[in-house]
Amino acid sequence: MKFDCEVLAGNIRGLRYKARMSQQEAADAIGVDISTLANYEAGRTVPSFEKAWMIANLFGVSLDALGGRNAVVA
């Protein structure tokens, strides 16, 4: 399976919406600037492994699910 940053971006955005968190709240929780999170959600950039791990942990999903490898999470 090929990595698709659009799937990752959509999952991050969808999980944040589902958790009813603002971009600022989510950005603060993972220790990034709001513009960095906005770039993740737009698919312009991808998070480092460490930040992806923190995002997955914040929303209670696996890295596989966050990246779209298993099930759709958002």
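Why does Asp64 count as partly exposed? Asp64 has 34% relative accessibility, so it falls in the partly exposed class, which runs between buried (under 20% relative accessible area) and exposed (over 50%), with a 1.4 Å probe and protein chains only. This is a predicted model: local features need pLDDT of at least 70, side-chain atom pairs count only at pLDDT 80 or more, and totals for chains, interfaces and linings use all residues. Residues are numbered from 1 along each chain as its sequence is written, and side-chain values use heavy atoms, with hydrogens and water left out.

**Salt bridges**
- The structure holds two salt bridges (a side-chain nitrogen of Lys or Arg within 4 Å of a carboxyl oxygen of Asp or Glu).
- One joins the side chains of Arg16 and Glu41, at 2.5 Å from N to O.
- That pair links distant parts of the chain, with Arg16 in helix α1 and Glu41 in helix α3, 25 residues apart.
- Helices are DSSP runs (H or I, at least four residues), numbered from the N terminus.
- Both Arg16 and Glu41 are buried.
- Asp64 pairs with Arg69, and their closest N and O atoms are 4.0 Å apart.
- Arg69 counts as exposed because its relative accessibility is 57%.

**Nonpolar core**
- The largest nonpolar core has 15 residues; such a core is a set of buried Ala, Val, Leu, Ile, Met, Phe, Trp, Tyr and Cys residues joined through side-chain atoms within 4.5 Å.
- Ile12, Ile30, Val32, Leu37, Tyr40, Ile55 and Leu66 touch the most other members.
- At least two core residues come from each of α1 (5-18), α2 (23-30), α3 (34-42) and α4 (49-59).
- Helix α4 gives the largest share, four residues.
- Leaving out residues up to four places away in sequence, Tyr40 touches Ala9, Ile12, Ile30, Val32, Thr45, Val46, Pro47, Lys51 and Ile55 (contact: heavy atoms within 4.5 Å).

**Cavity**
- One cavity of 30 Å³ or more turns up in a search of the whole structure.
- On a 1 Å grid over the protein atoms alone, a cavity is a set of points where a 1.4 Å probe fits but cannot get out, and lining residues have an atom within 4 Å of a point.
- The largest cavity holds about 40 Å³ of space, a volume being the space filled by probe spheres set on the points.
- Its lining consists of Ile12, Arg16, Ala26, Ile30, Leu37, Glu41, Ile55, Leu58 and Phe59.
- Helices α1, α2, α3 and α4 each give two or more residues to this lining, and α4 supplies the largest share, three.
- By class, the lining has seven nonpolar, no polar and two charged residues.

Methods:
1 Å grid on protein atoms, 1.4 Å probe; cavity = no way out; pocket = protein on both sides within 12 Å on 5 of 7 lines; lining within 4 Å. Nonpolar A, V, L, I, M, F, W, Y, C, P; charged D, E, K, R; others polar.
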